[in-house]
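Work through the exercises below with the sequence and the structure at hand. Each task is followed by a solution in steps.

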Number of protein chains: 2
Amino acid sequence: MKIKDIGEQGLLKKLKSFCPHDIIGDDAAVLSIDPQQQLVVTTDVLVDKIHFSQTTTPPDSVGWRAIAANLSDLAAMGASPVGIVIGLSLPGNLPVDWVEQLYQGMSNLLREYNTPIVGGDICRSEVTTVSITALGQVDPDHIIKRSTAQPGDVIITTGYHGMSRGGLELLLNPTVASNLDRDIQNRLIKAHQYPIPRLDLIPHLWEIMDTHTITGMDSSDGLGDAVIQICAMSGVGAQIQLSCLPCVSIISQWFSSEQALNWVLYGGEDFELVLCLAEKTAKKLVEIIGQEAKIIGKIVEEKSVILIDGDQQQALNLTKGFQHFS
Amino acid sequence: MKIKDIGEQGLLKKLKSFCPHDIIGDDAAVLSIDPQQQLVVTTDVLVDKIHFSQTTTPPDSVGWRAIAANLSDLAAMGASPVGIVIGLSLPGNLPVDWVEQLYQGMSNLLREYNTPIVGGDICRSEVTTVSITALGQVDPDHIIKRSTAQPGDVIITTGYHGMSRGGLELLLNPTVASNLDRDIQNRLIKAHQYPIPRLDLIPHLWEIMDTHTITGMDSSDGLGDAVIQICAMSGVGAQIQLSCLPCVSIISQWFSSEQALNWVLYGGEDFELVLCLAEKTAKKLVEIIGQEAKIIGKIVEEKSVILIDGDQQQALNLTKGFQHFS
């Protein structure tokens, strides 16, 4: 059954179960924000064949990833989610089932955080486009900024990088994976299709921020991009130890070292956090998070971002990261 | 100059002046909501060739209309605007100038209400799509609902209807207008390209709501649609007096009576408010608003929505209103 067979009202009726507030249509939603907290809002637009494709992302994965990207933006600010608004542009000949699975994927991830879909809009277009706005709230003292990193801070990553890019590679070129263990393949593909935003860390970060500064952002546009952006906003530089990027050694078990390093630094969409804080506190945080977290370098006064490999150095190159319209 | 010539970062730099918060990119924005008030959120997606076109809407009008639609949704709830988030999908060969004018149009209307653009996302797509989310705030006692209309209430419209549809007709078929006064043409075209949401009425409605109930919604999907939706949500019916629709007599000076009635009831995009309230209070409100406002009928127990023309009656027909995917 296609969308054009049941029309706008028919589609809204089908999606009603995913939006108990009954406002997937044009109406406005009313939400309560904790009077002690500030509202945080973030938005992401995902376009068919650019951010997702039939080959690499089933519809529930498109929904999951769209939500993950927005919740990750909230986590990056230290905020907890309050509600989600969804704008959809859909071709009339898209199967209704595709849209239901999209919503199912969004709901599956949102359920983990008790976060409702509170509204949206649906209209016709030649290109499937999913536009998500996430609303969150944060105590003003717990807002994580990009601009407060200081020389002496160490840089930690909360998890592996390059995994999502590795999974994408397997989905695009299944033959490259013929010698790869099936479990490892599944793990990489899962990292690409069903990434987990790091909202789980927020209570720990709040606790640290009661007494210490944490600077940071998420790594949705790549680990390299995150470090460069933090340094630019804070007016500092960074030294990253290649040997400390745990993910490189992991990815390079399966792919070439050069490819591994490229994906780790520039692959993007791993939705981990990149945080800068005092070394002692950082070590405690890494211990709490577990073995996937690691101190990867330090903030320095000299304003360039350098990757150090033994006695060799190279500057991180943002143009290797994904850029739209390029 | 095309977007692909300057890339994503170049475009963001060009648009920076419209978003002092410096978060048109992927970041989240932080906003303060009055602790006494609730957050209201609404979203609208506009797609090239469906909601706007080169023939009928210059880029600044696309921006203006997108904002007007969302502010009108806030006004319909009794909310005042706090901030706007913009998601754009744009073809690489779109002129940069088009996007700047789009933002200029949005800014021109937002300036009237001191409402900032607080964030957004921009990405590449084959189809230009503008997705707007508006954030507002409202005192819980001042929320206007659709579900509280009661038999005995009268129905008022806050302004003319069918004007936007008339303007669209002039833009699509300039030859139909050859016998029309230039001033009148401009007025109709302005109603289509630069509609004014009725946020100006909100303080008056709040004052009334301190002691009386107001039920209502905006007429963005048509005056007929608004009355039908209010009746459905409130479990009541309505009688509309054709002779009381001031707009019909105005539009029919220039177009046929049948066309005029059709546009008034089903044209849509006039962004006025359709309100139900006790007759005495309604009369005072109409006086405050001025001659464009009018009592057009009343709420009744019998659940159908009837248009009365002398001794003739006909039921309003929602299928004549604009439906997506049909």
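**Exercise 1.** In which helix do Lys283(A) and Glu279(A) both lie, and how many residues apart are they?

Solution. The model is a predicted one.
Step 1. Locate the two residues: helix α10 of chain A, residues 279-289, holds both Lys283(A) and Glu279(A).
Step 2. Count along the helix: they are four residues apart, about one turn.
Step 3. Check the side chains: Lys283(A) and Glu279(A) form a salt bridge, with 3.6 Å between the closest N and O atoms.
Step 4. Glu279(A), with a relative accessible area of 41%, is partly exposed.

**Exercise 2.** Find the salt bridge between Glu169(A) and Arg165(A), and state whether each residue is buried or partly exposed.

Solution. 
Step 1. The N to O distance between the two side chains is 3.0 Å.
Step 2. Both residues belong to helix α4 of chain A (residues 163-172); because they are four residues apart there, about one helical turn separates them.
Step 3. Buried means under 20% relative accessible area. Glu169(A), at 11% relative accessibility, therefore counts as buried.
Step 4. Arg165(A) comes to 23% and counts as partly exposed.

**Exercise 3.** Which parts of chain B does the salt bridge between Arg198(B) and Glu272(B) link?

Solution. 
Step 1. Begin with the contact: the closest N and O atoms of Arg198(B) and Glu272(B) are 2.9 Å apart, in a salt bridge.
Step 2. Place each partner: Arg198(B) sits in the loop between α5 (182-193) and α6 (202-209), and Glu272(B) in the loop between α9 (257-266) and β9. The pair is 74 residues apart and links distant parts of the chain.
Step 3. Turn to chain A: Arg198(A), Asp200(A) and Glu272(A) are joined into one network by salt bridges that share partners.
Step 4. For the total, the count over all chains is 13 salt bridges.

**Exercise 4.** Which strand of chain B pairs with β7(B), and in what sense?

Solution. 
Step 1. The partner is β9 of chain B (residues 273-277), and the pairing is antiparallel over four bridges.
Step 2. Within this pairing, Thr215(B) stands opposite Cys276(B) of β9(B).
Step 3. Inspect both faces of β7(B), residues 215-218: Thr215(B) and Met217(B) on one side are buried, and so are Gly216(B) and Asp218(B) on the other.

Conventions: Residues are numbered from 1 along each chain as its sequence is written. Chains are lettered from A and ligands numbered from 1 in the order in which they are written. This is a predicted model: local features need pLDDT of at least 70, side-chain atom pairs count only at pLDDT 80 or more; totals for chains, interfaces and linings use all residues. Side-chain values use heavy atoms; hydrogens and water are left out. Buried means under 20% relative accessible area, exposed over 50%, partly exposed in between (1.4 Å probe, protein chains only). Two strands pair if DSSP finds at least two bridges between them. A salt bridge is a side-chain nitrogen of Lys or Arg within 4 Å of a carboxyl oxygen of Asp or Glu.
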